[in-house]
Amino acid sequence: MSKANDLTGRTFGLLKVLRRVEDVKPGRPMWLCECRCGKSVVKSSTSLTKQNGVKSCGCLRHEKIYAKRREKIHRRWGRNCSLV
């Protein structure tokens with residue numbers, strides 16, 4: 001493994017970097033991260049540090065999708081249901 005900036009202990013969005021793991025490609029450091037939801041994922045230095053990089057294991061994306069669906073359903077219920 002080549003020497004890279006040590007990201008151990010740093011937090012990116014909901015991901016906390018635990019330790020460096022074996023590089024998949026030479027010169028592309030990979031890091032084991034734990035998401036706040038409890039899931040572990042491996043991400044590259046680039047994907048963690050770039051401006052619009054990863055912010056979670058994917059749970060954040062799913063949370064936003066389901067929030068939009070819930071909102072849409074509640075709006076529908078509000079229009080179609082009348083209180084007696």
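In what sense do β3 and strand β4 (residues 40-44) pair, and over how many bridges? β3 and β4 pair in the antiparallel sense over five bridges; strands count as paired if DSSP finds at least two bridges between them. The model is predicted, with pLDDT of at least 70 needed for local features and 80 or more for side-chain atom pairs, while totals for chains, interfaces and linings use all residues. Residues are numbered from 1 along each chain as its sequence is written, and side-chain values use heavy atoms, without hydrogens and water.

The protein contains two helices and four strands, in the sequence order β-β-β-β-α-α. These elements are DSSP runs numbered from the N terminus, with helices (H or I) of at least four residues and strands (E) of at least two.

Strand β3 spans residues 30-35, and five of its six residues are buried, where buried means under 20% relative accessible area with a 1.4 Å probe, protein chains only. β3 also pairs with strand β2 (residues 15-21), in the antiparallel sense over six bridges. In this pairing, L15 stands opposite C35 of β3. On the β4 side, L32 is placed opposite V42. Four residues lie between β3 and β4 in a hairpin, and G38 in the turn has a positive phi of about 110 degrees.

Over the whole protein of 84 residues, 26% are buried. The accessible surface is about 6,800 Å², 51% of it belonging to carbon and sulfur atoms, as computed by the Shrake-Rupley method with a 1.4 Å probe. Among contacts (heavy atoms within 4.5 Å) between residues at least 6 apart in sequence, 25% join residues at least 24 apart.

Notes: Buried < 20%, exposed > 50% of the residue type's maximum accessible area, 1.4 Å probe, protein only.
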